[in-house]
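Here is a friendly note to read with the model open beside you. Take the points in order, and find each residue on screen as you go.

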Amino acid sequence: MKNKRIFLLNTPVDCLTMDETVERINHAIREGKQVIHTCINAAISVMIAEDEDACTYVTAGDIISADGVPIIWASKILAEPIPERVSAPDLMDKLVKLAHKKGYKIYLFGAEQDIVEKVVKKYSKLYSPELIAGYCNGYYSQSDEEQIAVEINNSGAEMLFVALPSPMKERFNYHFRHKMPDVKLLMGVGGTFDVISGKIKRAPLWMQRYGMEWIHRLIKEPRRLWKRYLFGNSKFIILVLSEYLNKLKPKKTLP
């Protein structure tokens with residue numbers, strides 16, 4: 001199954017719709033192939049421009065989705081238009097439904113203990129307890145990572161959802177994918193467990209559609225997020241403008 005991959009701010013991004021992304025993941029599971037799914041948004045674009053290791057972890061994804069309307073806008077300016085946003089919460093929702101339909105099992109790794117337990121209870125009630133292969137909170141020592149990966153692999157899960165911040169989630173999947181050969185989808189979902197559990201409410205759909213979800217989050221958590229959005233969004237705009245201006249420069253020709 002082929003798809004078009006573009007480069008945006010020196011980062012590969014797949015031009016896939018939400019449904020195409022789900023189908024590609026389902027195809028990989030059916031074929032017994034492992035895929036790492038990663039997401040790109042404005043904050044991650046800035047992070048990987050400044051952190052070489054983070055760049056390695058994120059861009060190693062077999063599927064890299066545009067999780068953020070600013071990335072969609074940037075693609076229209078700098079490359080080729082990405083068809084639509086593929087957000088982690090929405091994609092995870094569709095993949096969990098797919099898992100229930102196809103009889104796949106999922107493993108939930110990350111977030112606080114009470115949060116991940118609420119997600120387990122919600123999915124067990126909404127679908128079936130049989131859906132859950134296992135779960136583990138995101139508070140652990142780095143020396144425990146390999147054992148956690150082995151336990152995940154032995155759980156019988158086909159899908160792993162990692163609710164850790166970036167670049168921790170990408171780093172875990174990058175370094176330990178070979179310890180989890182039986183898990184066919186490794187997906188970092190960031191703060192998605194907080195949304196699923198009800199701890200955090202997502203912005204209204206109209207705000208999501210117009211790239212204003214960050215404003216909603218800033219209103220909800222101003223003390224924690226104001227610096228991230230003030231400096232992070234400014235840096236992203238600078239990166240886009242810089243790349244755009246570079247494209248406008250006439251190309252030098254050899255004598």
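1. Let us begin with a term for the surface: a residue is buried under 20% relative accessible area, exposed over 50%, and partly exposed in between (1.4 Å probe, protein chains only). This is a predicted model, in which local features need pLDDT of at least 70, side-chain atom pairs count only at pLDDT 80 or more, and totals for chains, interfaces and linings use all residues. Residues are numbered from 1 along each chain as its sequence is written, and side-chain values use heavy atoms, with hydrogens and water left out.

2. Start with the charged pairs. Side chains of opposite charge can pair when their charged atoms come close. A salt bridge here is a side-chain nitrogen of Lys or Arg within 4 Å of a carboxyl oxygen of Asp or Glu, and the whole structure holds 12 of them. One of these joins the side chains of Glu 50 and Lys 235, at 3.2 Å from N to O. Glu 50 belongs to helix H2 (residues 42–50) and Lys 235 to helix H12 (residues 222–248), so this bridge ties together parts 185 residues apart in sequence. Helices (H or I, at least four residues) and strands (E, at least two) are DSSP runs, numbered from the N terminus. Lys 235 has a relative accessible area of 37%, so it is partly exposed, while Glu 50, at 54%, counts as exposed.

3. Next, look at Lys 4 and Glu 80, whose side chains form a salt bridge of 3.5 Å, N to O. Lys 4 sits in the segment before strand S1 (5–8) and Glu 80 in the loop between helix H4 (69–78) and H5, 76 residues apart. Both ends are partly exposed: Lys 4 has a relative accessible area of 44%, and Glu 80 has 39%.

4. Now for the inside. A nonpolar core is a set of buried Ala, Val, Leu, Ile, Met, Phe, Trp, Tyr and Cys residues joined through side-chain atoms within 4.5 Å. The largest has 37 residues, and Leu 108 and Tyr 123 are among those that touch the most other members. Several elements give two or more residues to this core, including H1, strand S5 (106–110) and helix H6 (113–126). Helix H5 supplies the largest share, seven residues. Apart from this core lies another, of 22 residues, among them Ile 6 and Ile 64.

5. What is the place of Asn 26? It is in helix H1 (residues 18–31). Asn 26 has a relative accessibility of 4%, so it counts as buried. Contact means heavy atoms within 4.5 Å; leaving aside neighbours within four places in sequence, Asn 26 is in contact with Leu 98, Lys 102 and Tyr 104.

6. Which residues of helix H8 (residues 168–176) are buried? They are Lys 169, Glu 170, Phe 172, Asn 173 and Phe 176. Seen down the axis of H8, these fall within an arc of 165 degrees, so they line one face of the helix. The arc is that of the directions from the helix axis to the C-beta atoms.

7. Finally, the rings. Rings of Phe, Tyr and Trp (its six-membered ring) pair if their centres lie within 6.5 Å; planes under 30 degrees apart count as stacked, over 60 as edge-to-face and the rest as tilted. By this rule there are five aromatic pairs. Tyr 123 and Tyr 127 form a tilted one, with 6.1 Å centre to centre and 40 degrees between the planes. Phe 109, Tyr 140, Phe 172 and Phe 176 form one aromatic cluster.
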